[in-house]
Amino acid sequence: MTNQNTSPNPFDMWKDMLQKSTSAWSQAAGQTGSFAPTSAFSPFQGFNPFPSNDPQQMWQQFFSSWSDQWTKNQAGAHGPDVSQEAQKQWTEQLESMARTFAETLGSDAFSSMLGKSLEQSLTMQQRFSKEMKPQLDDALQAFNLPSRSQMDRLFERVIGLEERLDDLEENTRKIIKTLSDIKEGSTSRQKQRTPPASKKDGS
Amino acid sequence: MVESTDFTSQSQQEAQKNMSRAQAVIDSFVVNPSAPPIAVTPHEVVWKRGKARLLRYRPQGQAARPLPYLIVPWLGISRPYVLDLLPGNSFIEYLVNQGHDVYLLDWGEIAEEDKNLGFEEAVFKIIPRVIERAMEESDATEINLNGICLGGTLTACYLALNPDAPVRNFIAVVAPIDFDEGGLFRAWLDERNFPTDLFVERYGGVPASLMASGFKMLRPTMEAQAMSSLWANVEKPDYVTNFKAMSRWANDYIGMPGRFFSQLAKELYGKNRLINGEFVLNGATVDLKKISQPLLVVAANQDFIVPALAAKRLMDVVSSTDKEFVELPGGHISVFSGRQAHQTLWPKIDEWLSTRSE
């Protein structure tokens with residue numbers, strides 16, 4: 001027979017289970033080492049996803065908080081709206097997870113892993129497209145269809161033409177403005193040069 | 001026994017509340033999934049070059065302010081309609097209702113064919129032309145210039161290279177200037193790790209899909225947080241309308257031109273050349289000390305894209321004597337487009353300009 005008073009809280013059970021599994025996982029991966037295959041060519045080499053070196057930290061916090069909430073609810077100490085309480089808890093947990101992610105994603109190790117994996121992927125893509133491009137272009141040509149690079153060149157030319165039009169329009173505007181300034185200037189000079197009739201008479 | 005009855009009764013109430021929320025989700029997203037109308041403030045296109053367009057929003061209501069207000073937003077990444085998101089929740093609508101003659105530079109939908117668009121084209125051709133066009137359209141001799149995010153970086157470069165520019169006041173909102181304080185992007189774009197040249201050679205820029213991945217990776221819990229808030233507020237129609245509009249915008253990424261990205265990653269995030277006075281465009285060094293206009297620098301206290309320190313450093317390097325820094329509550333976008341912006345940023349800008357634009 002199970003005594004209800006001693007029945008374990010499900011969050012405690014999950015927490016315990018998760019702690020054991022993350023502990024086993026981190027031991028397998030090596031606390032200070034990488035969690036991924038350690039091949040010399042792997043971009044994950046030397047990457048520790050938890051710079052604080054405690055892979056359980058985030059989950060511990062997460063489950064402890066839910067466990068506390070569960071205990072409170074069972075004791076009838078919950079607020080008027082359990083969903084609101086849960087929402088609050090969840091928001092706090094997400095904030096905590098966001099901080100952990102930020103710490104992980106902002107580490108040099110992650111940056112290095114990201115750069116290496118991107119470089120490998122780009123190099124592979126470049127090789128592949130170098131090999132495949134002539135064949136793809138031939139196939140498209142056979143169907144009388146333009147290739148991507150041909151379309152890009154066309155778009156570039158259209159954009160270039162629009163820019164030239166804008167430059168022409170700009171130059172035209174400047175010329176018109178200059179002409180109008182000259183016209184205004186000459187009109188005002190003419191006015192200045194033409195003395196009033198009374199003055200003329202007097203001179 | 002009593003406790004158990006209370007618990008059951010409360011559980012029933014909870015279940016009913018959650019049923020009601022589930023019903024609201026079905027009503028708002030299944031029965032009526034239509035997106036709310038966005039970017040509806042009346043405007044006209046007054047200039048166009050390539051994909052870039054200049055939009056004019058004429059002043060309404062109050063007496064028109066004497067100087068046109070030009071907004072230069074970020075280049076690439078996402079669309080600028082977040083500045084005119086919804087009626088009643090729009091920065092541009094607020095400005096026009098305060099009597100500002102607003103101009104918005106829309107860089108257009110950037111794609112691979114724009115790979116040669118860089119700082120030079122933006123700073124030496126596009127920005128001067130939109131300023132000139134705005135002055136001509138409004139029959140003014142000066143403007144107020146507002147750069148947002150990377151638009152603030154671009155406008156700062158423009159002002160530094162054109163000390164006699166017809167700009168009366170300069171407002172830099174969440175604009176990165178000190179890239180050493182550039183948050184996660186600073187770490188990811190580290191020149192020791194990030195293969196910028198290979199990336200640009202392969203894609204011709206940053207495609208929209210990769211841009212989305214990069215920004216979502218910045219904050220992996222963001223969508224869970226948004227969903228969580230939605231569940232709590234799903235019975236408020238205004239919240240749902242705003243959520244739909246914001247979700248649409250937040251998933252509507254566009255690419256970044258290759259040349260611009262290369263300069264940003266290698267020279268700014270990589271070597272922090274702008275703040276160090278070593279950033280050279282078309283043979284001219286960008287010296288931020290040459291900025292002398294009255295300056296308002298705005299940062300957000302929860303900005304993880306452009307942390308407040310990255311924006312604040314502009315204050316230290318300009319020669320403006322009239323300058324003010326404000327750090328407002330909110331994130332990178334919500335500081336100028338969130339619900340709280342009605343009470344914080346928008347009136348702040350309007351008030352700051354009112355004494356400096358006469």
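Student: Hi! How much of chain B counts as buried?
Tutor: Hi there! Of its 358 residues, 47% count as buried. Keep in mind that this is a predicted model.

Student: Okay, and how many residues of chain A are buried?
Tutor: In chain A, buried residues make up 7% of the 203 residues.

Student: Let's stay with chain A for a moment. What secondary structure does it have?
Tutor: Chain A has six helices and zero strands. Following the sequence, you read the pattern α-α-α-α-α-α.

Student: And what about chain B, how many helices and strands there?
Tutor: Chain B comes to 14 helices and 14 strands. Its radius of gyration is 22 Å, close to the 21 Å that the globule rule gives for 358 residues, so chain B is as compact as a globular protein of that length.

Student: What box do the C-alpha atoms of chain B fill?
Tutor: Roughly 80 × 55 × 35 Å, taken along the principal axes.

Student: What share of the contacts in chain B joins residues at least 24 apart?
Tutor: For chain B, 81% of the contacts between residues at least 6 apart in sequence join residues at least 24 apart. In chain A, residues 24 or more positions apart account for 62% of the contacts with a separation of 6 or more.

Student: New topic, the interface. How many residues are in contact between the chains?
Tutor: On the chain B side there are 31 residues, and they are in contact with 30 residues of chain A.

Student: Which helices of chain B supply that side?
Tutor: Helix H1 (2-31), helix H5 (183-188), helix H6 (196-203) and helix H8 (222-233) of chain B each supply at least two residues. The largest share, seven residues, comes from H1(B).

Student: How do the residues on that side of chain B divide by class?
Tutor: They divide into 13 nonpolar, seven polar and eleven charged.

Student: I'm looking at H6(B) now. At what angle does it pack with H4 of chain A?
Tutor: Helix H4 of chain A, residues 108-142, packs with H6(B) at about 40 degrees, and the axes are 10 Å apart. That angle makes H4(A) oblique to H6(B).

Student: Is the crossing left-handed or right-handed?
Tutor: The crossing of H4(A) and H6(B) is left-handed.

Student: And which residues meet there?
Tutor: From H4(A) you have Glu119(A), Leu122(A), Gln125(A) and Gln126(A). They meet Leu198(B), Phe199(B) and Arg202(B) in H6(B).

Student: How does that contact split by class?
Tutor: The contact of H4(A) with H6(B) has three nonpolar, two polar and two charged residues.

Methods. Residues are numbered from 1 along each chain as its sequence is written. Chains are lettered from A and ligands numbered from 1 in the order in which they are written. This is a predicted model: local features need pLDDT of at least 70, side-chain atom pairs count only at pLDDT 80 or more; totals for chains, interfaces and linings use all residues. Two residues are in contact if their C-beta atoms, placed from the backbone, lie within 7 Å. Helices (H or I, at least four residues) and strands (E, at least two) are DSSP runs, numbered from the N terminus. Ala, Val, Leu, Ile, Met, Phe, Trp, Tyr, Cys and Pro count as nonpolar, Asp, Glu, Lys and Arg as charged, and the others, Gly among them, as polar. The radius of gyration is taken over C-alpha atoms; the globule rule is 2.2 Å times the number of residues to the power 0.38. A residue is buried if 20 or more other C-beta atoms lie within 10 Å of its own, exposed if 12 or fewer, and partly exposed in between; C-beta atoms are placed from the backbone. Axes are lines fitted to C-alpha atoms, for helices over the stretch in contact, and angles run from 0 to 180 degrees between N-to-C directions. Angles under 35 degrees count as roughly parallel, over 145 as roughly antiparallel, 65 to 115 as roughly perpendicular and the rest as oblique. A crossing is left-handed if the near helix is turned anticlockwise from the far one by less than a right angle, and right-handed if clockwise.
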